[in-house]
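Subject: Structure for you to look at

Hello,

Here is the structure I promised. Please open it next to this email and follow along.

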Amino acid sequence: MGDSKDTIVGIDLGTTNSLVAYADEKGPVIIEDPAAGDGGILPSVIGFDPESGRVTIGRQARAHAVELPLTTVYSVKRLMGRGFADLGDDVGRLPYKVVRRPGNEEGRDVAAVEVGGRALTPPQLSALILAELKTRAEKHFGHPVNRAVITVPAYFDDAQRQATRDAGQIAGLEVVRIVNEPTAAALAYGLDRKEDLTVAVYDLGGGTFDVSFMRLREGTFEVLSTHGDTHLGGDDFDRQIMDLATREVKERFGVEIQAPATRQALRLFAEAVKQALSSEAQKTLQIDLGDGRCYQRVITRAEFEGMIDPYIERTLDSCRQAMRAAGLTAGDVDHVVMVGGSTRIPHVRQRVGDLFECRPYTAWNPEEVVALGAAVQASILAGVRRDVLLLDVTPLSLGIETLGGAMGKLIRNNMRVPCQATETFTTFQDGQTNVKINVLQGERELAADCRSLGVFELTGVPPMPAGMPKIDVTFLIDQNGILTVTAHEQRSGTEAGIQVVPAHGLTRDEVRRMERESVAFARQDMTAHRLVDLRNQVVFDTNKTEQMLTKHGDLLPAEECQALRRAAADLRQYADSSSDTEEIHRRLQEFGRMTVPLANAAISATLREDKD
Amino acid sequence: MASTDQTVPSKCLSCSAELESPIVCTGCHKLYPVPEPLDYFELFRLPHRYRIDLGDLEHRFLAITRNVHPDFFTGHSEDMCRLAVRLSAELNEAYRVLKDPVLRAGYLLEQSGGRSASEDHSVPPSVLSEVMMLREELEAAEGDQTAAASVRRRVVARRGEILTRIAELADDLANAGDEDKTTLRSLLNSVKYYENLLAELPVG
């Protein structure tokens with residue numbers, strides 16, 4: 001099992017669920033927390049109790065989603081590495097409050113979730129989920145776990161990958177590798193297969209879709225091509241049902257479903273209907289609107305399939321494009337591995353099977369396979385095994401904005417990583433010492449249609465006449481799909497300094513600050529926890545004392561009984577109104593000492609009763 | 001040509017095994033700095049020829065990758081990790097170029113000296129008019145799958161013919177005359193037109 005230094009766990013940080021796994025020589029297993037009772041599948045839901053300030057993760061948080069819609073945060077993954085401006089409709093659909101993070105510098109746009117008067121960034125929220133998984137692993141091993149491999153959708157861009165890495169750091173985890181989810185799934189799937197295979201991995205999760213084509217040969221897992229959509233998943237299917245109900249409730253009853261609690265409830269109903277329709281031919285959706293009004297609607301499987309078909313068609317288009325990029329035809333594909341909870345839907349399996357002319361492989365639990373693969377990759381990095389190697393590609397083209405606002409591609413999509421490209425820049429004005437470069441990611445021709453990863457500013461260029469400096473800028477995409485930029489001025493030989501201003505991400509300093517804060521935050525959470533415990537203790541002790549006074553009060557002088565009753569009431573009032581845990585604790589102790597004579601009298605009386 | 005480069009040792013400095021690649025020892029995993037200049041053929045210890053066994057190339061690529069991939073250097077010094085990333089990036093690029101017939105021919109042409117195909121721009125007018133005609137036919141065939149398939153077949157056939165001629169000219173560029181190089185440049189530019197056309201055809 002090893003010690004904390006060489007333990008690396010694999011984590012699937014999902015839109016809907018998150019898991020942690022570990023692999024040794026025998027193979028990968030999911031790490032469970034028996035106390036949580038979720039079978040190792042932690043719902044990616046974070047609950048903030050507005051009264052106690054307590055933070056809950058997973059099932060418990062999800063259970064309070066309807067009661068506390070504004071302070072229950074789910075689907076954070078959809079917000080990772082994205083600006084408030086490019087969230088668009090998503091903001092209105094989420095019951096919790098998404099804001100533009102206050103204090104953003106000019107040119108930077110980071111989304112945040114406002115909860116309990118604090119604006120928390122998606123990496124901070126994801127860090128809470130990661131910290132919970134870290135704790136699970138530590139409980140399992142009995143020693144600290146500080147390193148992890150975390151998976152991301154293959155189609156995540158640089159900002160989204162960076163945000164995932166930041167989340168790890170905030171949670172106190174060194175992210176040794178970011179692995180693409182379909183690649184991880186193939187790793188788990190193909191581990192024990194000796195033959196040469198061409199495999200498609202179709203990964204339809206809660207919020208994202210990915211497809212990858214890979215070749216398994218001589219222990220290498222080579223990704224040939226990948227395609228996907230970071231905004232397509234099971235959540236969209238739920239929303240189809242929600243939209244139907246919202247529309248019909250308005251038509252029939254003239255009622256607008258707007259309250260966050262109702263929307264949250266409807267979302268859970270819709271999810272349940274979707275899940276039921278995987279095994280049943282029809283399901284009734286029922287919403288009690290109050291005042292004796294009840295919306296009832298039978299949804300048949302055929303109707304549901306009609307609703308989701310356009311989305312499935314989009315995934316199949318992605319499959320066709322990726323297949324073409326890999327130079328494959330459907331007949332070349334030996335197996336299709338299905339990953340993600342949404343591939344449980346029979347209609348999805350049917351359409352995918354039709355496209356590839358084969359029955360999709362569904363023997364693995366689609367919710368677990370990514371985490372298991374991440375654990376295998378972790379074991380490779382930990383040096384446990386050297387017989388397996390992953391060769392992945394970059395999902396998106398990388399380029400720079402050229403004069404006239406076009407996208408000049410430097411690294412094309414589906415190129416094997418690590419990869420690099422060098423471009424030479426110069427100055428336009430005499431004595432110019434800074435050059436600004438807008439780095440873009442995407443497949444479109446115009447810079448405006450691509451995603452800006454940020455503006456890189458070359459500083460410290462030696463002053464020379466315009467056009468004289470020759471600055472070689474090297475863009476390197478590493479094995480994690482993460483970009484680094486270096487620059488070198490040819491004539492002077494100086495290394496030009498590079499300042500990275502991520503447009504949708506956090507700066508290194510911010511991440512470090514959040515890392516420190518998260519420790520303080522955890523302490524604050526502990527304080528809240530202790531307060532709840534102390535208050536419960538106060539209620540328990542004072543009730544007990546009152547019961548004793550009723551039963552044995554006659555054994556003590558009347559004024560002493562009076563004083564005890566008053567002290568109990570005072571203590572309760574103080575505990576309810578104060579959050580000073582130290583003082584509550586002190587007063588509770590003092591109250592305990594006051595009740596000693598009563599307790600002694602009560603014990604003596606009980607003993608006497610026993611003798612009689 | 002870079003095959004005579006003196007800076008790269010032929011035996012591993014650390015374990016004395018024969019080096020199967022100038023960037024790494026496949027015996028003891030010792031990494032070597034990126035050779036200057038970097039020769040893609042030399043990287044795989046292959047002769048500078050156009051005709052290449054793709055299966056053998058893949059095998060060599062995987063064997064070298066297994067020794068330089070950064071995943072195997074987790075926990076090593078930062079410098080070592082960075083070198084592994086750098087070498088892997090160069091290796092990936094070399095493999096990409098040598099695997100692709102057009103890129104491979106272009107690379108050989110560049111190595112042999114003189115202008116590159118893209119600097120030359122030359123394309124025979126007959127190619128331009130044929131591509132234009134095919135494009136028009138394709139537009140007319142909009143929605144008609146059999147007609148589109150017929151265009152596709154012809155484009156594939158034309159590309160195949162040009163590639164055959166490229167292979168003949170590019171295999172022994174060291175002994176080729178200027179005239180052959182000029183023809184090769186024009187062929188390399190021509191084949192791109194057919195490849196672009198193929199990329200525009202609907203996925204099928």
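Start with R100 of chain A: its bridge partner is A111(A), in strand 9 of chain A. Keep in mind that this is a predicted model. Strand 8 of chain A is joined to strand 9 (residues 111-115) of chain A by four bridges, and the two run antiparallel.

Three strands of chain A form an open sheet, in the order 8-9-10, with antiparallel pairing.

Next, go to another sheet in chain A. Here three strands form an open sheet in the order 6-5-7, and the pairing is antiparallel. The edges are strand 6 (55-57) and strand 7 (72-74) of chain A. Each has a single partner strand, so one side of each has no neighbour in the sheet. Neighbouring strands of this sheet are turned by 20 degrees against each other on average, direction ignored.

Strand 5 (residues 45-48) and strand 6 of chain A pair in the antiparallel sense, over three bridges. In that pairing, G47(A) has T56(A) of strand 6 as its bridge partner. A helix packs on this sheet too: helix 3 (residues 122-141) of chain A. Helix 3 touches strand 5, strand 6 and strand 7 of chain A. Its direction makes about 65 degrees with that of strand 6 of chain A.

Is the pairing of strand 13 and strand 18 of chain A parallel or antiparallel? Strand 13 (residues 197-204) and strand 18 pair in the parallel sense, over five bridges. V201(A) stands opposite V337(A) in strand 18. Strand 18 (residues 335-339) of chain A is mostly covered, with four of its five residues buried.

Last, the contact between the chains. Chain A gives 20 residues and chain B gives 15 residues. On the side of chain A that touches chain B, four elements each supply at least two residues: helix 8 (301-325), helix 10 (369-381), strand 19 (389-391) and strand 22 (419-425) of chain A. The residues on that side of chain A divide into 10 nonpolar, four polar and six charged.

Best wishes

Key: Residues are numbered from 1 along each chain as its sequence is written. Chains are lettered from A and ligands numbered from 1 in the order in which they are written. This is a predicted model: local features need pLDDT of at least 70, side-chain atom pairs count only at pLDDT 80 or more; totals for chains, interfaces and linings use all residues. A residue is buried if 20 or more other C-beta atoms lie within 10 Å of its own, exposed if 12 or fewer, and partly exposed in between; C-beta atoms are placed from the backbone. Two strands pair if DSSP finds at least two bridges between them. Two residues are in contact if their C-beta atoms, placed from the backbone, lie within 7 Å. Ala, Val, Leu, Ile, Met, Phe, Trp, Tyr, Cys and Pro count as nonpolar, Asp, Glu, Lys and Arg as charged, and the others, Gly among them, as polar. Axes are lines fitted to C-alpha atoms, for helices over the stretch in contact, and angles run from 0 to 180 degrees between N-to-C directions.
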